Amino acid sequence: MNFLLNCIKRLKSSQQWLNRQKADPYVEKAKMCNYRCRSAFKLIEMNEKANILHPGQTVIDLGASPGSWTQVAVQKTNADGADSSKPKGTVLAVDKLQIFPIEGATIMSNLDFSTIQAHDKVLKALNGKKVDLVLSDMAPSATGVRELDKDRIIGLCYMAIRFAALVTRIDGNLLFKVWDGKEVPILEMDLERFYKHIKILKPNASRSDSSEKFILARGFKGIQKPIENSCYNS
C-alpha cells in the first residue's frame, strides 16, 4: 500500500513539474536562445545588476551540468573568440555528471571538484592563471527532508568557498546558490573573512515559490595559511 501511495505522489509531482514547465516563459525563452536550461537567465540578470562578467576573464563554473551558466560565461568573457576586437577569456566547466561540449569552454565531466585530483587537474588546465570569478549553481538532489536538504546545500557552499579560495586571484569574486534558512547569516559571516563585500541576489528568473537565492562575494582578500580539508563539519 505504501509503495502504491509513493508512486501516486511521484506521479502527481511529475505532472505538477510538467505543468509548471509549460507555463514558464523562461523555458521557452531558453529554447529560443539556445541555452540548455532556463537557469541561464538567472546568471544573465545577476550579471546585469552586478557586472561581474567581462571579456578576457578566467571563470570556473562548478557543478556546471547541463551547461547553461557555462554558455553565458563563454559569451560574456569572449572565451569562444567570437569578437576579435575584445580580449579572449577562459572558461572551465566542472561537474560529476556528463557535460556535452560547449564551444569556447574546457569541459571537465565526471569530476568531483572537492577532491585533490580535481584541484590538480584544474590547476593544470589553468596553466598558471588565477581565476577572476568562480560560479556555482549547485544544489543537492532533494531528499524531501527539509533540514537535511538545507544541511547538504550548506555543505556544498562551504566546499565551493574552499575551492574558490585555492584558485581565485586577489580581488576576484564568487557567486553561488544557497537555500534560505537560519544557516545563511552564519555563512555570510564566514565569507567576510575572505571577501570584502557580500551581497544577496534574488533574480526574477528564480521561481517565486523557490527558496533559492544567490550570494555574491566580491573582493577576495587572499588566505594567510592553507585552508583545512573542510570548512564545514556536518
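## A walk through the fold

From the N terminus on, the elements of the protein follow the order α-α-α-β-α-β-β-α-β-α-β-α-β-β. That gives seven helices and seven strands, where helices (H or I, at least four residues) and strands (E, at least two) are DSSP runs numbered from the N terminus. Please keep in mind that this is a predicted model, in which local features need pLDDT of at least 70 and side-chain atom pairs count only at pLDDT 80 or more, while totals for chains, interfaces and linings use all residues. Residues are numbered from 1 along each chain as its sequence is written, and side-chain values use heavy atoms, with hydrogens and water left out.

Let's begin with the whole protein. Of its 234 residues, 47% are buried; buried means under 20% relative accessible area, exposed over 50%, and partly exposed in between (1.4 Å probe, protein chains only). The protein exposes about 13000 Å², with carbon and sulfur atoms supplying 53% of that area; the areas come from the Shrake-Rupley method with a 1.4 Å probe, and for residues only the protein chains shown count as cover. Among contacts (heavy atoms within 4.5 Å) between residues at least 6 apart in sequence, 65% join residues at least 24 apart.

Now for the interior. A nonpolar core is a set of buried Ala, Val, Leu, Ile, Met, Phe, Trp, Tyr and Cys residues joined through side-chain atoms within 4.5 Å. The largest one has 36 residues, of which Ile60, Leu62, Leu174 and Leu187 touch the most other members. Elements giving two or more residues to this core include strand E2 (90-94), helix H5 (116-126), strand E4 (131-136) and helix H7 (184-191). Its largest share, eleven residues, comes from H6. Leaving aside neighbours within four places in sequence, Leu62 is in contact with residues including Val94, Phe113, Leu135, Ala160 and Phe163. Apart from this core lies another, of 26 residues, among them Met46, Ile52, Ile102 and Ala205.

Asp61 deserves a stop of its own. This residue sits in strand E1 (residues 58-62). Asp61 is buried yet has no salt bridge, and the nearest side chain of opposite charge, Arg36, is 9.4 Å away. For charge, Lys and Arg count as positive and Asp and Glu as negative, while His and the chain ends are not counted. What joins the side chains of Asp61 and Thr70? A polar contact of 2.7 Å does, meaning a pair of N or O atoms within 3.5 Å; within protein, one must be able to donate a hydrogen and the other to accept it, and residues adjacent in sequence count only if both atoms are side-chain atoms. Beyond its neighbours within four places in sequence, Asp61 is in contact with Trp69, Thr70, Leu92, Ala93, Val94 and Leu135.

Elsewhere, charged side chains do pair up. A salt bridge is a side-chain nitrogen of Lys or Arg within 4 Å of a carboxyl oxygen of Asp or Glu, and by this rule the count comes to ten. In one of them, Glu212 meets Lys177, with the closest N and O atoms 3.3 Å apart. Glu212 lies in strand E7 and Lys177 in strand E5, so the pair ties together parts that are 35 residues apart in sequence. Glu212 is buried, with a relative accessible area of 6%, and Lys177 is buried too, at 10%. Lys42, Asp137, Lys177 and Glu212 are linked in a network of salt bridges.

Asp83 and Lys86 form another salt bridge, at 3.8 Å between the closest N and O atoms. Asp83 is partly exposed at 28% relative accessible area, and Lys86 is partly exposed at 43%.
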